[in-house]
Amino acid sequence: MKGIVHLTNDVETTSIVNGGLRDDTGVKVWKEGLPRLLELYAKYDVKATFFFIADFAAQHPEMIKRVQGGGHEVAVHGLSHEHTKAFDVLSAEEQVYHLSAAKRIIEDIAGEEVVSFRAPALRVNGNTPRALKETGYLFDSSVAPQRMDMFMSLGSKGKLQWLKAPRVPYHVKQDNLARRGDMELIEVPVSSFIVPYIGTFMRISPRLTCWIRHFLYWETRNTNKRINFLIHPNEVITEEDMHGKIERRADSYISYLFSDVLRHKLKLRNLGIPALDLYEKEIAFWKNCGYGFERIKDVRVGE
């Protein structure tokens, strides 16, 4: 086996077409998007990790049972995906509350311990490592090293630290998920090279994603670096355009233009079945190259 691939899925109710969190989107996610991904993983006999928003999982606990039935890892994506409750704006005490409440909800449904976390929108701050430790998490996957598109996402200033983050799983610092340290907590970074290796960019530019994929193959085939591909079930569904206004989440006008307006327009490309077809090509590539597929909780640093 030449290398390891992590297929990581962020399960939430965000509407890519209409913006914001929508209950109708959530229904399509658990009835259409999630089953499509699970069928794809079963076709290639691979195991993945699913990060669930806890308040969404509480509404549709069947999702977690279906994921467990396929042998996949159930993980936490936070208590809520509201941008006003992102982890980079929460205090240490607030983060502990959100992490512990989300963990309790997911574990009650799953009937097993949950040890992995990914922050909504990959937004974290210096309080997050200690909050994760205090609430019993062992793994995080909220850092994307050498990703240079952060100006198009919220929390871009804090994400500048990603430029010097390690590209292999590592133990983190007490106050920085993007730096090596002596904490038990292990960071499993999302793969990237200039732009991230994720579903959004796969849909926006399949050719660029193909180039990134081949670079990552060259980089990982004889090293301990791993592939960590991030996708959302809401990318493989289609929704009706309600012609609503684009949700303004950013404070400044410039940030609004990039992270809300421009990003929204780009993210509309190749949604639904086209996204699923593109994603299958990525999985088939790594499978044909002899790479293995692991869940986040299976990572062991130094092996």
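Modeller: Opposite Y170 stands E187, a residue of strand β8. This is a predicted model, in which local features need pLDDT of at least 70 and side-chain atom pairs count only at pLDDT 80 or more, while totals for chains, interfaces and linings use all residues. Residues are numbered from 1 along each chain as its sequence is written, and side-chain values use heavy atoms, leaving out hydrogens and water.

Strands here are DSSP runs of E with at least two residues, helices are runs of H or I with at least four, and both are numbered from the N terminus. Two strands pair if DSSP finds at least two bridges between them. Strand β6 (residues 170–173) and strand β8 (residues 186–187) are joined by two bridges and run antiparallel. β6 also pairs with strand β7 (residues 176–180), again in the antiparallel sense and over two bridges. There, K173 faces N176 of β7. The link from β6 to β7 is a hairpin through two residues.

Now for another pairing in the chain. Strand β2 (residues 49–52) runs parallel to β3, and four bridges join them. The partner of F50 in β3 is V74. Within β3 (residues 73–76), E73 and A75 point one way, V74 and V76 point the other way, and all are buried. Buried means under 20% relative accessible area, with over 50% being exposed and the range in between partly exposed (1.4 Å probe, protein chains only).

β2 leads us to helix α1, whose buried residues pack against β1 (4–11), β2, α2 (54–59), α3 (62–69), β11 (227–231) and α10 (273–288). Those buried residues of α1 include W30, L34, L37, L38, Y41 and Y44. After α1 comes D45, with a positive phi near 55 degrees.

Buried in α4 are Q95, V96, H98, L99, A101, A102, K103, I106, I109 and A110. Their cover includes β2 and β3, along with α2, α3, β4 (116–117) and α5 (128–134). G111 follows α4, and its phi is positive, near 70 degrees.

Strand β1, one of the partners of α1, holds D10. With a relative accessible area of 3%, D10 is buried. Its side chain makes a polar contact with the side chain of R118, at 2.9 Å. Such a contact is a pair of N or O atoms within 3.5 Å; within protein, one must be able to donate a hydrogen and the other to accept it, and residues adjacent in sequence count only if both atoms are side-chain atoms. Contact in general means heavy atoms within 4.5 Å. Leaving aside neighbours within four places in sequence, D10 is in contact with F51, H77, R118, L230, I231, H232 and P233.

The rings come next. Rings of Phe, Tyr and Trp (its six-membered ring) pair if their centres lie within 6.5 Å; planes under 30 degrees apart are stacked, over 60 edge-to-face and the rest tilted. By this rule there are 16 aromatic pairs. The rings of Y41 and Y279 have centres 6.1 Å apart and planes at 80 degrees, so they are edge-to-face. This pair links distant parts of the chain, with Y41 in helix α1 and Y279 in helix α10, 238 residues apart. Both Y41 and Y279 are buried. F285 and W286 are likewise edge-to-face, because their ring centres are 5.0 Å apart and their planes at 85 degrees. F285 is buried at 16% relative accessibility, and W286 is buried at 1%. Ring pairs also bring F50 into a cluster with Y41, F52, Y197, Y217, F229, Y279, F285, W286 and Y291.

Finally, the wider setting. The chain has ten helices and twelve strands, and 57% of its 303 residues count as buried. Among contacts in the chain with a separation of 6 or more, 74% are between residues 24 or more positions apart.
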